[in-house]
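I opened my notebook to look up a few things in this structure. Come along and check each entry against the picture.

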Amino acid sequence: MNVDYSICNALNYRTEDLTDTLLIYDIGCQWWINFLSRLRQSKTLSIPEQMKLIVAVGSFHLGAHIPECFVLFSLHFVLGAGQLDGEILETLWAAFNKISPSARSMSKAHRREVYDDHMRDSNFKKLVGMGACICHLSILLVLTLRWAVTMLVKKHKRAVAGLAETKEAYLALENSLDTAKTQVWKRQEQQAMKERGELLRIFEVKADKGDELCTSMQSIMLIQITKLQLRLKSALL
Ligand SMILES: [Zn+2]
């Protein structure tokens, strides 16, 4: 319920012209199942009527899900998502590596308390940092803009170089395949990207008993094409 509340409020805040939303949540696959029916039953929670939701799971967490979740919730199969891992908090955990040697000999309860203390301290510093940022908003804005421009120029250079590299490999692979098949795969991919849901299952690795080798090869090639296309698209973004 807390997650529903947070998400509904976020989706209703200054989103008048927003028609598509990418929602990344650690357990999005389970949370999403009854989300809309919970909203229909709720008197207080809602999302904008025109809003189309795409639910995904962050790359770090998706690795721990069942294989069936992969194609339906991977950011690799969301058009326009680029190279996104969808994680934030977990990257802050790296700093806790410094305290792990001292916590190693502790009991489980003691270790949990120590980790909690450090995490609360980290959260507190983040909160205080936000206040400092608001106080220096104008300086921050200039610095942010400068940083954003520098990053975009850097990413553009990397994208141009990456595009040349991936295009060559992609064309070599495509030319080695049966044109009729690649056309079918491309149509399937476009449809899956547009309509999503079960259509995304085309990206799953298939191995039918009767024609195992052939199907496996087909799946591998399909994956390779998908990867190359995704790299191309992300390079273009
Ligand atoms: Zn899952």
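**Confidence.** I began with pLDDT, the predictor's confidence in each residue, from 0 to 100. This is a predicted model, where local features need pLDDT of at least 70, side-chain atom pairs count only at pLDDT 80 or more, and totals for chains, interfaces and linings use all residues. Residues are numbered from 1 along each chain as its sequence is written. I found an average pLDDT of 85 for the protein chain, with 85% of the residues scoring at least 70. Among its elements, α2 has the highest mean pLDDT (95), and helix α11 (residues 212-236) the lowest (65). I reminded myself that where pLDDT is low, the predicted coordinates should not be read in detail.

**Elements.** I looked up helices (H or I, at least four residues) and strands (E, at least two), which are DSSP runs numbered from the N terminus. The protein chain has 11 helices and 2 strands. Their order from the N terminus is α-β-α-α-β-α-α-α-α-α-α-α-α.

**Helix α10.** I checked the span of helix α10 (residues 179-195) next. The expected span of a helix is 1.5 Å times one less than its number of residues. For the 17 residues of α10 that gives 24 Å, and its end C-alpha atoms are 24 Å apart, which agrees.

A residue is buried if 20 or more other C-beta atoms (placed from the backbone) lie within 10 Å of its own, exposed if 12 or fewer, and partly exposed in between. I noted that 8% of the 237 residues count as buried. A nonpolar core is a set of buried Ala, Val, Leu, Ile, Met, Phe, Trp, Tyr and Cys residues joined through C-beta atoms within 7 Å. The largest one has 11 residues, including I24, C29, V57, L72 and F73.

**C29.** I picked C29, which is found in helix α2 (residues 28-31). Why does C29 count as buried? It has 20 C-beta neighbours inside 10 Å. Two residues are in contact if their C-beta atoms, placed from the backbone, lie within 7 Å. Leaving aside neighbours within four places in sequence, C29 is in contact with V57, H65, C69, L72 and F73. The C-alpha atoms of C29 and F73 are 6.9 Å apart, though 44 residues separate the two along the chain.

R14 has a positive phi of about 50 degrees, and R14 counts as exposed, with 7 C-beta neighbours inside 10 Å. R196 is partly exposed, with 16 other C-beta atoms within 10 Å.
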